[in-house]
Amino acid sequence: QVQLVESGGGLVQAGGSLKLSCAASGRTFSDYTMGWFRQPPGKEREFIAAIRANDGSVYYAESVKGRFTISRDNAKNTVYLQMNSLKPEDTAVYYCAYRRSWYITSNLYEYDYWGQGTQVTVSS
């Protein structure tokens with residue numbers, strides 16, 4: 001089992017920044033991918049970004065390219081999401097996810113473990 005704990009959410013004004021963290025613990029694997037998803041109010045969960053642990057390869061959704069940056073610290077089993085130029089439409093619950101594979105995917109059904117989520121609210 002892998003446990004994921006997100007932190008760093010909160011309330012921010014439009015144009016501001018937040019940095020989310022996700023710490024993984026438990027039985028982690030040598031080749032894995034971690035991703036960030038979000039679920040806006042009344043909408044489905046959507047992919048934001050993912051990173052491969054071994055070589056740092058990244059993949060972003062078009063909606064956040066140039067504004068969000070995913071990174072990782074393998075020594076801490078932690079992945080980060082730096083969010084800049086935030087917009088009201090970025091308001092959502094943000095989830096961290098873990099996939100037991102080196103293959104990066106945006107398909108949420110291919111992730112094996114999930115965090116509890118952290119709320120991000122962007123005011124206009």
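What you see here is a predicted model, in which local features need pLDDT of at least 70, side-chain atom pairs count only at pLDDT 80 or more, and totals for chains, interfaces and linings use all residues. Residues are numbered from 1 along each chain as its sequence is written, and side-chain values use heavy atoms, with hydrogens and water left out.

Strands (E, at least two residues) and helices (H or I, at least four) are DSSP runs, numbered from the N terminus. Two strands pair if DSSP finds at least two bridges between them.

β4 is joined by 6 bridges to strand β5 (residues 46-52), and the two run antiparallel. They form a hairpin with 6 residues between them, and G42 in the turn has a positive phi of about 75°. With β9, strand β4 pairs in the antiparallel sense over 7 bridges.

Why is β4 largely enclosed by the rest of the structure? It is because 6 of the 7 residues of β4 are buried. Buried means under 20% relative accessible area, exposed means over 50%, and partly exposed lies in between (1.4 Å probe, protein chains only).

**An open sheet**

Elsewhere, 4 strands form an open sheet in the order β1-β3-β8-β7, with antiparallel pairing. Its edge strands are β1 (2-7) and β7 (68-73), each pairing on one side only. From one strand to the next, the twist averages 15°; axes for such angles are lines fitted to C-alpha atoms, for helices over the stretch in contact, and angles run from 0 to 180 degrees between N-to-C directions. Inside this sheet, strand β3 (residues 18-26) pairs with β8 over 6 bridges in the antiparallel sense. There, L20 has L81 in β8 as its bridge partner.

**Rings and charges**

The structure holds 9 aromatic pairs. One of them is F37 with Y111, an edge-to-face pair at 5.2 Å centre to centre and 80° between the planes. This pair links distant parts of the chain: F37 lies in strand β4 (residues 33-39) and Y111 in the loop between β9 and β10 (113-114), 74 residues apart. Both F37 and Y111 are buried. Rings of Phe, Tyr and Trp (its six-membered ring) pair if their centres lie within 6.5 Å; planes under 30 degrees apart count as stacked, over 60 as edge-to-face and the rest as tilted. F37, F47, Y59, Y95, Y111 and W114 form one aromatic cluster.

Charged ends can also sit over rings, which here requires NZ of Lys or CZ of Arg within 6 Å of the ring centre and within 35 degrees of the ring normal:

| Charged residue | Ring | Distance to ring centre |
|---|---|---|
| K19 | Y80 | 4.7 Å |
| R45 | W114 | 4.9 Å |

**Two loop residues**

Is T91 buried or exposed? T91 is buried, with a relative accessible area of 16%, and its place is in the loop between β8 (78-83) and β9 (92-99). Not counting residues up to four places away in sequence, T91 touches P40, P41, Q119, V120, T121 and V122, where contact means heavy atoms within 4.5 Å. The side chain of T91 also reaches the backbone oxygen of P88 at 2.9 Å.

S30, in the loop between β3 and β4, is exposed, with a relative accessible area of 67%. S30 and W102 are 72 residues apart in sequence and 8.9 Å apart in space, C-alpha to C-alpha.

Notes:
A polar contact is a pair of N or O atoms within 3.5 Å; within protein, one must be able to donate a hydrogen and the other to accept it, and residues adjacent in sequence count only if both atoms are side-chain atoms.
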